[in-house]
Amino acid sequence: MGEGITEVDRLEALVDEGVGDVARYLALIRKLKLRRSSKVAKHGMELLRNSSARAKLGADVWTVYEQVAIAALDCQCLTAAKECIGALLKKFPDSTRVGRLEGMWFEARGSWQQAEKVYASILEEHPTDARILKRKIAMAKAQGNLMGAVDEMNKYLELFMADHECWKELADVYLALQMYKQAAFCYEELILVQPANALFHLGYAEILYTIGGLENLKTAKKYYASAIELSGGKNMRALYGVCLCAAGINQAKGRNVKDEKENSTVHTLAADVIKREYRLKAPKKASLAASILEA
Amino acid sequence: MKYQISQTAYVKLALHALKHRSAAVNGILVGRVSGGGGGGGAEEDSAATVSIVDCVPLFHGQLGLLPMLELALTQIEEYFSSHQEGLSIVGCYHANERFDDYDLSGIPRKIGDHIARYFSSACVLLLDNRLLESLAKAGKKPAVQLFTRDSSRGWRSAPGSSDLVLAESTANEILYDYILEGREQSVTDFDDHLDDISKDWLNPGLFD
């Protein structure tokens, strides 16, 4: 993912100067699912308003219209978005995919009831349209109705229980509401769906540490350790995490000799890696990191 | 108790929020107490001033988790007490995810509570998007809402925000110029540091 971002940044700089390949830039943004709305809207609209550039896109032009419409909505450029949506409506007059964009246009204006109407009419014919169901979740969130968003997500997950993006979104909302046990449950589902994803092990560990208590610290340490392994020993949060857990376990009430023995040496190894990384990449902070780890 | 915020701290926290427009952000405020009567009663002395001298941007997106927060607080306290005369953690700042959300939610309250255990006059600053949007007309008013703890240990907004002043009257103009330049892209927070430790959460070159 890192190399992808570097390539996008490189293309973006060229495009900003007026010499880059805008179509390629937009395609890479779509592929990496980045949210760089003001650049996409600006360069995208310029490309779409230029008829020869538009023609060169071939069949991709419709995907680009959709991408630029959404970016324009994100920047509150409602007229530009309307232009793109208009073009799509002409080509695909009965499409639910374009219907979603019409709803989003109302959402961007804060016209929630009109957006609701658009979505309700699509759902009448297509009651399990995932894209539209996701808009309902997004609208609840946008209006600050987090418990409503939680409800909608739970309903959605009954239909689409393997949708890990939704499990992750639900976890994030639970965390914002400080409902840590529920967030932990979501991460358990995420780990089931993608057991080799280091970020899910990491997220689970962070939540358990936050809930606290000796048993949770011990489990958190295991998941921080597996996150280290799955990330090839590179994830700084996981490395720090095992050290924090070890310190927490040592100070925890109710710990016994068995716990201290089991509080294995993984954190000493992690501490060594952290110190070495700081000496290499952040020498000015190396002594700060070292003194924190000694404590 | 009066509160004052330096241009450095104020511009940095605003730029941090502007870098991550679609996410909540938070950070730690660093400063000192000055003025007022002597002795241990200084915190209660209305002539005393808490000067917020600098800030450390912490996280963007996910703000409710403890481990990296604890790590950051330890490193920040350690750094400022050993490198900068008399500076310590005096509060935190928070910017909500949504544009029209002016509530101080549970997470900044909890962080504020934690800081208040070590510094009883701790404050929480909540970014005010309305004021940030109209910076050109803001003049000498900072685009943040000040919250302090009242006698029942709850967080209350100071009436009329007259209790928080900008130490330098040029702060809003400078911020406005930086926004036009896109300077917010250069802010590094603790999240960025954890992703790449060569990035410095002290932001040494930010105002060059």
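Select B:T188 first, which sits in the loop between α6 (171–181) and α7 (190–195) of chain B; helices are DSSP runs of H or I with at least four residues, strands are runs of E with at least two, and both are numbered from the N terminus. The model is predicted, so that local features need pLDDT of at least 70 and side-chain atom pairs count only at pLDDT 80 or more, while totals for chains, interfaces and linings use all residues. Residues are numbered from 1 along each chain as its sequence is written, chains are lettered from A and ligands numbered from 1 in the order in which they are written, and side-chain values use heavy atoms, with hydrogens and water left out.

B:T188 counts as buried because its relative accessibility is 11%; buried means under 20% relative accessible area, exposed over 50% and partly exposed in between, with a 1.4 Å probe and protein chains only. Display its contacts, where contact means heavy atoms within 4.5 Å. Residues up to four places away in sequence aside, B:T188 touches B:P57, B:H193, B:K199, B:D200, B:W201 and B:N203.

Move to chain A and select A:I29, a residue of helix α2. With 3% relative accessibility, A:I29 counts as buried. Beyond its neighbours within four places in sequence, A:I29 is in contact with A:V8, A:L34, A:R36, A:V40 and A:Q67. For A:V8, 21 residues away along the chain, the C-alpha separation from A:I29 is 7.1 Å.

Next select A:K33, in the loop between α2 (22–32) and α3 (37–48) of chain A. The phi of A:K33 is near 55°, a positive value in a residue other than glycine. Most residues other than glycine have a negative phi. A:K33 counts as exposed, at 65% relative accessibility.

A:Q76 is not a glycine, yet its phi is positive, about 60°. At 49% relative accessibility, A:Q76 counts as partly exposed.

**Helices α7 and α8 of chain A**

Select residues 96–108 (α7) and 112–125 (α8) of chain A, whose axes come within 7 Å and cross at roughly 165°. Axes are lines fitted to C-alpha atoms, for helices over the stretch in contact, and angles run from 0 to 180 degrees between N-to-C directions. The two helices are therefore roughly antiparallel; angles over 145 degrees count as such, those under 35 as roughly parallel, 65 to 115 as roughly perpendicular and the rest as oblique.

Which residues of α7(A) and α8(A) meet? On α7(A) they are A:T96, A:G99, A:R100, A:G103, A:M104, A:F106 and A:E107, and on α8(A) they are A:W112, A:Q114, A:A115, A:V118, A:Y119 and A:I122. The residues of this contact divide into seven nonpolar, four polar and two charged; Ala, Val, Leu, Ile, Met, Phe, Trp, Tyr, Cys and Pro count as nonpolar, Asp, Glu, Lys and Arg as charged, and the others, Gly among them, as polar.

Within α7 of chain A, centre the view on A:R100. A:R100 is buried, its relative accessible area being 14%. Not counting residues up to four places away in sequence, A:R100 touches A:E66, A:I70, A:Y119, A:I122, A:R131, A:I132 and A:R135.

**Annotated spans of chain A**

Select residues 97–207 of chain A, where UniProt places "domain: EMC2 TPR-like" in an unreviewed entry. This span is 81% helix and 0% strand, with its end C-alpha atoms 36 Å apart.

Select residues 198–211 (α13) and 214–230 (α14) of chain A, which pack at an angle of about 160° with their axes 8 Å apart. These helices are therefore roughly antiparallel to each other. Their contact residues comprise 13 nonpolar, four polar and one charged.

Finally, select residues 266–281 (α17) and 283–294 (α18) of chain A, packed at about 165° with axes 7 Å apart. α17(A) and α18(A) are therefore roughly antiparallel. The contact involves residues including A:A271, A:I274 and A:Y278 of α17(A) and A:P283, A:A286 and A:L293 of α18(A). How many of the residues in this contact are nonpolar, polar and charged? Nine are nonpolar, none is polar and five are charged.

Conventions:
UniProt positions are given in the numbering used here, feature names are shortened, and annotations may be inferred rather than shown by experiment.
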